[in-house]
Amino acid sequence: MTSSFVSPVFDGHNDLLLRLWLQEQGDPVADFLHGTLSGHLDMARIRQGGFAGGLFAVFVPPAQYARQSKTEYVEEDHDPLAITEAQIALLHQIADRSAGQARICRSVGEIERCMAEGVLAMVLHIEGAEALDEECSQLDRWIAAGLRSIGPLWNLQNRFGAGVTGDFPGSPDSGEGLTPAGLNLLRICNSKKLLIDLSHMNEKSFWQVANLSHAPLVATHSNVHALCPQPRNLTARQLAAIAESDGFVGINFGNAFLRADGKRDESTSLGEMVRHLDALLEKLGEDGVGFGSDFDGISVPGELGDVAGLPRLIAAMTQAGYSRELVEKICWRNWLRVLKKTWGE
Ligand code: ZN
């Protein structure tokens, strides 16, 4: 076993900004930068784990969820636009207050420079475009603030379409697809070269994007439905369409997305993660697979723990016979490849 080999990791999804937005006490950005935050991610553990960067999601939680987590929260005042802009501002605060340790990246070249300099590379992503109006009139402002990727839907219905919902076990085929506004957003994303995330799309929305989009198909944080029949995971037909588009899937580290029984049980082994990687490699090839941890959004295998445990995942991949070259592709090279194809730079 060559457990001494480590690789930097570029990752497709985390919910750090939601965690920071939900924190009511003290100064959450300082807690993140000084390595005293709870959850899966902070600067100290990011360095320990070799986490070089990734897509940082802005996510507007349902009003009820926000109220459960924030004692002062008033459901009637729930304002998706204000929440979105507050989370974008948090990402900027991290960069501005990091003393050069973290930067917002808008191109693959910028990500590569960050990786070469040991600076955390943060890409702004929006999960669930609740705050966007039908004309997408906020989009240019957000792009100016760094937005490079968008998942129009989360689990619930919004003006752009229906996200995937349903019990375990279940199929992603759960209702209507993209609305006319959703199809318009898809065209805008294509023309502005924004990545379109398929991860929360139901079956109908998925196929609308597959048929209409000019970009490679990307699911930033989803797994293999045949191994874990959770509606958020990808069916064999969906994976075939992603492969045909020269697309990409980042595996989700969430126990409920990995385990055959769909439980959020932390006894899930790292071998379970390798099983999903094997299945994705078989369908998508060596260039179409990477990570989409969902750190701070889900419960992860106890053996991994948090971002500092990434070298243990890499060791499990090496033990399973993955070459150094393949490990590096999965850890970061494939992400940069598909971003370059999508963003055109
Ligand atoms: Zn998600």
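Colleague: Is strand β1 buried or exposed, and how many of its residues are buried?

Modeller: Happy to start there, bearing in mind that this is a predicted model. Strand β1 spans residues 9-14. Because its buried residues make the strand largely enclosed by the rest of the structure, the answer is buried, with a count of six of the six.

Colleague: How many residues of β2 are buried?

Modeller: Strand β2 covers residues 51-59. The strand is largely enclosed by the rest of the structure, because the buried count is nine of the nine.

Colleague: Which residue in β4 is the bridge partner of A57?

Modeller: β2 also pairs with β4, in the parallel sense, over seven bridges. In β4, A57 has as its bridge partner H125.

Colleague: What is the arrangement of the four donor atoms around the zinc ion?

Modeller: The angles subtended by the four donor atoms run from 48 to 124 degrees. Four donors count as tetrahedral if all angles lie between 85 and 135 degrees. Because of the angles at this zinc ion, the arrangement is irregular.

Colleague: How many residues apart are E127 and H221?

Modeller: Both are donors of the zinc ion. E127 sits in strand β4 (residues 120-127), while H221 is in the loop between β9 (218-219) and α10 (236-244). The pair thus links distant parts of the chain, and the separation is 94 residues.

Colleague: Are E127 and H221 buried or exposed?

Modeller: The cut-off for buried is under 20% relative accessible area. E127 has 4%, and H221 has 1%. Therefore E127 counts as buried, and H221 likewise counts as buried.

Colleague: With which residues is E272 in contact, leaving aside its neighbours within four places in sequence?

Modeller: E272 is found in helix α12 (residues 270-284). With a relative accessible area of 17%, E272 is buried. Leaving aside those sequence neighbours, its contacts are L258, R259 and A260.

Colleague: How many disulfides does the structure hold?

Modeller: C114 is in no disulfide; the nearest cysteine sulfur, that of C105, is 3.6 Å away, and a disulfide needs sulfur atoms within 2.5 Å. C331 is in no disulfide either, with the nearest cysteine sulfur, that of C114, 18 Å away. C114 is buried at 0% relative accessible area, and C331 counts as buried at 0% too. For the structure, the number of disulfides is zero.

Colleague: Last one from me: where in the protein is confidence lowest, and where is it highest?

Modeller: The mean pLDDT of the protein is 96, and 99% of its residues reach 70 or more. Confidence is lowest, at a mean of 91, in helix α4 (residues 63-69). The highest value, 99, belongs to residues 289-291, strand β11.

Definitions and conventions:
Residues are numbered from 1 along each chain as its sequence is written. This is a predicted model: local features need pLDDT of at least 70, side-chain atom pairs count only at pLDDT 80 or more; totals for chains, interfaces and linings use all residues. Side-chain values use heavy atoms; hydrogens and water are left out. Donors are N, O and S atoms within 2.8 Å of the metal (3.2 Å for Na, K and Ca); water is not among the atoms, so sites may look incomplete. Four donors count as tetrahedral if all angles lie between 85 and 135 degrees; four count as square planar and six as octahedral if opposite donors are over 155 degrees apart and all others between 65 and 115; anything else is irregular. Helices (H or I, at least four residues) and strands (E, at least two) are DSSP runs, numbered from the N terminus. Buried means under 20% relative accessible area, exposed over 50%, partly exposed in between (1.4 Å probe, protein chains only). Two strands pair if DSSP finds at least two bridges between them. Contact means heavy atoms within 4.5 Å. pLDDT is the predictor's confidence in each residue, from 0 to 100.
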